[in-house]
Amino acid sequence: LPVIAALHGQVIGLGLELALACDLRVCGEGCTLSMPEARMGLVADVGGTTRLSRLVGPGRAKDMLMTARTVGADEALLWGLVNRVAPEGAHLQVALELARHIAQNAPLAVGMAKLIVDQGDGSAKATQLAIERWAQSLLISTDDVAEAMTAFMEKRPAEFKGK
């Protein structure tokens, strides 16, 4: 299942590391994010350095980790640190809307997409392509694919069962 973080206020250190462990992140306009550990002689140690650098790239990760500076919502969106910026106070509503949008899709396909990205992250391109082929070979014969085709032909929304 996709995990969506709804962020507001100050998302600092371990709070940001927890958000980085989620699949998607939505924050309010006034949200600020930082990894201040360097100010205390430490590093982000619960996957923070690893997840941050994989998400925003090594240069931007080093910027946040080495300077311990705070990043605002707009910069976080530009960097890909968050997926959506919501009007202040609407971060939870926007996160729930995102979840509802995802839930309209075939659950097996959503799960496989998550698995492909997670398992393929950092692997060779050929390995990730092999994971894609494996996933597609499993999905192609599911009831959800048949339902999607039927719904398309009948010009109606699909009703997925996760089978």
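**Cores, sheets and salt bridges**

Of the 23 residues in the largest nonpolar core, seven touch the most other members: Leu7, Leu16, Leu33, Met35, Leu52, Met64 and Leu81. A nonpolar core here is a set of buried Ala, Val, Leu, Ile, Met, Phe, Trp, Tyr and Cys residues joined through side-chain atoms within 4.5 Å. Buried means under 20% relative accessible area, exposed means over 50%, and partly exposed lies in between (1.4 Å probe, protein chains only). Two or more residues of this core come from each of β1, α1, α2, α3 (58-67) and α4 (73-79). Helices (H or I, at least four residues) and strands (E, at least two) are DSSP runs, numbered from the N terminus. Another core lies apart from the largest one. This other core has eight residues, including Ala86, Ala90, Val94 and Leu98. In soluble globular proteins, nonpolar side chains tend to be buried together.

This is a predicted model, in which local features need pLDDT of at least 70 and side-chain atom pairs count only at pLDDT 80 or more, while totals for chains, interfaces and linings use all residues. Residues are numbered from 1 along each chain as its sequence is written, and side-chain values use heavy atoms, with hydrogens and water left out.

Leu16 gives a local view of the largest core. Leaving aside neighbours within four places in sequence, Leu16 is in contact (heavy atoms within 4.5 Å) with Val11, Leu33, Ser34, Met35, Met64 and Leu81. Of these partners, Leu33, Met35, Met64 and Leu81 are also among the core residues that touch the most other members.

Now take Ser34, one of the contacts of Leu16. Ser34 is found in strand β4. Its relative accessible area is 6%, so Ser34 counts as buried. Beyond its neighbours within four places in sequence, Ser34 is in contact with Val11, Ile12, Gly13, Leu16, Met64, Ala68, Arg69 and Thr70.

The order is β2-β4-β5, in an open sheet of three strands with mixed pairing. Two strands pair if DSSP finds at least two bridges between them. The edges are β2 (10-12) and β5 (70-72); each has a single partner strand, so one side of each is left without a neighbour in the sheet. Neighbouring strands of this sheet are turned by 20 degrees against each other on average, direction ignored. Axes are lines fitted to C-alpha atoms, for helices over the stretch in contact, and angles run from 0 to 180 degrees between N-to-C directions. β2 and β4 pair in the parallel sense over three bridges. Ile12 stands opposite Ser34 in β4.

A second open sheet also has three strands. Here the order is β1-β3-β6, with parallel pairing. β1 (4-7) and β6 (84-86) stand at the edges, each with a single partner strand, so one side of each lacks a neighbour in the sheet. The twist averages 20 degrees from one strand to the next. Three bridges join β3 and β6 in the parallel sense. Val26 has Arg84 as its bridge partner in β6.

Charged pairs come next. The structure holds six salt bridges. Each is a side-chain nitrogen of Lys or Arg within 4 Å of a carboxyl oxygen of Asp or Glu. One of them joins Lys114 to Asp23, with the closest N and O atoms 2.9 Å apart. Lys114 lies in helix α6 (residues 107-120) and Asp23 in the loop between α1 (14-20) and β3 (24-28), so the pair ties together parts that are 91 residues apart in sequence. Lys114 is partly exposed, at 26% relative accessibility. Asp23 is partly exposed too, at 24%.

Arg69, already seen as a contact of Ser34, forms a salt bridge with Glu75. Their closest N and O atoms are 2.8 Å apart. Arg69 is partly exposed at 26%, and Glu75 is partly exposed at 26%. Asp63, Arg69 and Glu75 are linked in a network of salt bridges. Glu154 and Arg156 form another bridge, with 2.7 Å between the closest N and O atoms. Glu154 is partly exposed at 49% relative accessibility. Arg156 is partly exposed at 28%.

Finally, Asp45. This residue lies in the loop between β4 (32-34) and α2 (48-56). Asp45 is exposed, with a relative accessible area of 62%. Its C-alpha atom is 9.5 Å from that of Gly13, a residue 32 places away along the chain. Gly13 is also one of the contacts of Ser34.
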